[in-house]
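Okay, everyone, thanks for coming. Let me put the model up and walk you through some side-chain contacts.

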Amino acid sequence: MTSGASGAAGMTAAERSLRRAVMWVAILNLAYAVVEFSMSRLIGSVSLAADSIDFVEDGLLNILIFFAVAWTLHRRARIGHALALIILLPAAATLVPACWP
């Protein structure tokens, strides 16, 4: 991967291919999250609802990676903070119903 690439125009074929694959993974994760959450509501399963939150997290992380591939190395290094915040979302989403039933 090139260190000076600052946008889609400066990407290699491998980086464009990686972005395409990552976006498909993100779309599939988010789509399955909707399906799983819908089924959890239908059958009243808290476990499926929690798992659907994990699929949303995975989808968001993949979208962030999709954009980060086109960024410079300096900006990619800073993306770690956003990744950490996204990883904390499922924990927060689980704590809210546990603390306020």
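So, F67: at 41% relative accessibility this one counts as partly exposed, whereas F66 counts as buried at 16%. For the cut-offs, buried is under 20% relative accessible area, exposed is over 50%, and partly exposed is in between, with a 1.4 Å probe and protein chains only. Bear in mind that this is a predicted model, where local features need pLDDT of at least 70 and side-chain atom pairs count only at pLDDT 80 or more, while totals for chains, interfaces and linings use all residues. Residues are numbered from 1 along each chain as its sequence is written, and side-chain values use heavy atoms, with hydrogens and water left out.

Now, how many aromatic pairs does a search of the whole structure find? There are 2. Rings of Phe, Tyr and Trp (its six-membered ring) pair if their centres lie within 6.5 Å; under 30 degrees between planes is stacked, over 60 is edge-to-face, and the rest are tilted. In one of the pairs, the rings of Y32 and F55 have centres 4.9 Å apart and planes at 65 degrees, so we call it edge-to-face. Y32 sits in helix 1 (residues 13-43) and F55 in helix 2 (residues 46-68), so this pair ties together parts 23 residues apart in sequence. Helices here are DSSP runs (H or I, at least four residues), numbered from the N terminus. F66 and F67 also pair edge-to-face, at 5.1 Å centre to centre and 80 degrees between the planes.

On to salt bridges, meaning a side-chain nitrogen of Lys or Arg within 4 Å of a carboxyl oxygen of Asp or Glu. The structure holds 1: E15 with R76, the closest N and O atoms being 3.7 Å apart. E15 is in helix 1 and R76 in helix 3, so the pair ties together parts 61 residues apart in sequence. Are these two buried or exposed? Both E15 and R76 are buried, R76 with a relative accessible area of 16%. Helix 3, by the way, covers residues 73-99.

Key: Helix = DSSP H or I, 4+ residues; strand = E, 2+ residues; numbered from the N terminus.
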